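Here's a quick walk through one protein model, with an eye on its rings, its cores and a helix crossing. Have the viewer open as you read.

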Amino acid sequence: MARTSVLFESWRGLYADSPRSLSEEIGRAWPDARRTWVSSGATGGFPSDVRTVQRHSAAYFARLLSTDLLVANDIISQHLVKGPRTTYVQTWHGTPLKLIGHDERSHAYAGARAHLKRMVRDVATWDYLVSPSSVCSTLFRSAFGYEGPIWETGYPRNDVLSCPDAAGIRSRVRTQLGLDTGVPAVLYAPTWRDDDKSEDGRFRQSVLPDLAALEAALPPGSRFLMRTHKNVTVPVDPRSGETPGFVVDVSAHPEIADLYLAADVLVSDYSSAIFDFAVTRKPIVLFAPDLERYRDDVRGMYFDYEAWAPGPVVTTDEELAAVLADVVTDRAGGWARTTAYDEFVARFCPHEDGHAGERVLERLGSVLGR
C-alpha cells in the first residue's frame with residue numbers, strides 16, 4: 001500500500017484545533033502516513049515528527065494539488081483547484097451562535113463579500129464536513145450551502161477535555177501560567193465585533209469588563225485569563241486592577257483547550273468557545289453588555305440568546321462581579337448542574353466523549369481504503 005499523504009491547515013498556519021488532534025491520531029494509528037503542516041512562517045509549535053510547508057509558497061500549492069487527504073478548520077482562501085485524488089475533510093472551527101456565511105444579514109466588515117466568494121469556492125471542494133451535533137449540521141447546511149456528507153462525530157479538538165490526563169494537563173498548564181494551586185482562574189474569551197475597528201482599520205476589543213471591580217469582588221489571589229479573538233490585532237489595555245498579575249494575557253497561547261482545562265469558570269459573550277467549554281461542565285457566565293446592538297444591528301443569532309444560554313446572562317459590570325463572586329466561591333451552588341446546562345450539553349455536545357478523533361479516523365480509513 002502506498003503511503004498516505006496528509007496536508008493539515010489550521011488557522012492559516014498554526015498547529016492547533018481539530019486538525020492538530022487528527023494529526024496526532026493519525027500519527028498513532030497510521031505511522032507510515034506522511035503528515036505535512038501548513039506553516040505561517042513561525043518556527044515553533046510543530047512537533048518533530050511532521051513536515052511543514054510555507055503557506056502560499058509554490059510548494060504549498062503543489063501539496064494542495066497532490067495530497068491524498070486535506071484536513072482544515074477554516075476555508076482555504078487560495079484553494080483554487082483541488083487535486084484529482086485529494087479527499088478534503090473540513091472540520092470547521094466551532095459551533096455557531098452568531099449568523100455566519102450565507103445566513104449573515106449583512107456583510108458589514110471590510111472584505112466580507114470577498115470572503116464570502118472565497119467561501120463558496122472552497123465549500124464546493126469539500127468532500128466531508130465534521131459536525132458536533134445534528135443541530136449544528138442543520139446550521140452548516142444553511143450557512144455554507146453545503147449538500148455533501150456530514151460526519152456527526154463530535155469535534156476532535158475537544159477530546160482532550162475528557163481524556164484520562166485532563167487533570168495532569170490542567171496542572172501543567174496552570175504551572176506554565178504561574179497559577180498557584182487552588183487559585184481561582186476566570187477565563188475571558190469574547191468574540192470579535194464586525195464593526196469594532198481602530199483608525200487604521202484593524203479589529204480591536206473594546207468590550208471589556210471593569211477588571212478592578214472584578215478583582216475586588218473575587219477571592220484574593222484570583223487570576224483573570226484574557227483571551228482575545230484571533231481577529232483582534234490591536235493590543236488591549238487590560239486595565240488590570242490594583243494588583244500586578246491579576247490579569248494574565250493568554251491570547252498567544254497556542255491551544256485554547258489547554259485554557260479550558262486550566263480555568264475554573266468561563267466568561268464569554270457570543271463565542272463558539274461557550275459550546276466547547278460546556279464539555280468540561282464547569283460554570284459559564286455570559287457577559288453581554290452590547291446584546292441588543294449585536295443581535296439586532298451587528299451580526300444576528302441563530303437562537304434566542306436568553307433561552308439558549310447555559311449560564312446566567314449579565315449586562316453590567318456590577319452584575320458580572322456579583323455573579324462571578326458567587327460562582328467562584330460557590331455560595332449559590334450548582335452553577336454547572338442546572339437543567340439549562342444539562343439541556344445545552346445534550347443538544348450541542350452529544351458526541352463530545354473524548355473519542356471524536358477515533359470516529360473521524362475510522363471513517364477516513366474507510367474512505368482512503370486503509
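What follows goes from aromatic pairs to cores, then to a helix pair and one arginine.

## Ground rules

This is a predicted model, with local features needing pLDDT of at least 70 and side-chain atom pairs counted only at pLDDT 80 or more, while totals for chains, interfaces and linings use all residues. Residues are numbered from 1 along each chain as its sequence is written, and side-chain values use heavy atoms, leaving out hydrogens and water.

## Aromatic rings

There are 23 aromatic pairs here. To pair, rings of Phe, Tyr and Trp (its six-membered ring) need centres within 6.5 Å; planes under 30 degrees apart are stacked, over 60 edge-to-face, and the rest tilted. Take Phe275 and Phe344: with centres 5.4 Å apart and planes at 25°, the pair is stacked. Phe275 belongs to helix α8 (residues 273–277) and Phe344 to helix α12 (residues 339–348), so the pair ties together parts 69 residues apart in sequence. Helices here are DSSP runs (H or I, at least four residues), numbered from the N terminus.

Phe303 and Phe348 go edge-to-face instead, at 5.3 Å centre to centre and 75° between planes. Phe303 sits in the loop between α9 (291–298) and α10 (305–308), and Phe348 in α12, so this pair ties together parts 45 residues apart in sequence. Phe303 and Phe348 are buried too.

## Nonpolar cores

The largest nonpolar core has 89 residues, and Phe144, Tyr305 and Trp308 have the most contacts inside it. Such a core is a set of buried Ala, Val, Leu, Ile, Met, Phe, Trp, Tyr and Cys residues joined through side-chain atoms within 4.5 Å. Beyond its neighbours within four places in sequence, Trp308 is in contact (heavy atoms within 4.5 Å) with Leu97, Ile274, Phe275, Leu286, Phe303, Phe344 and Phe348. Another core of 21 residues lies apart from the largest one, and includes Leu211, Val267, Val314 and Leu320.

## A helix pair and an arginine

Helices α1 (residues 17–29) and α13 (residues 356–368) pack at about 65°, axes 10 Å apart. The axes are lines fitted to C-alpha atoms over the stretch in contact, with angles running from 0 to 180 degrees between N-to-C directions. Leu22, Glu25, Ile26 and Ala29 of α1 meet Gly357, Glu358, Val360 and Leu361 of α13.

Arg63, in helix α2 (residues 58–66), is partly exposed at 29% relative accessibility. Not counting residues up to four places away in sequence, Arg63 touches Leu7, Thr36 and Arg51.

Terms used: Helix = DSSP H or I, 4+ residues; strand = E, 2+ residues; numbered from the N terminus. Buried < 20%, exposed > 50% of the residue type's maximum accessible area, 1.4 Å probe, protein only.
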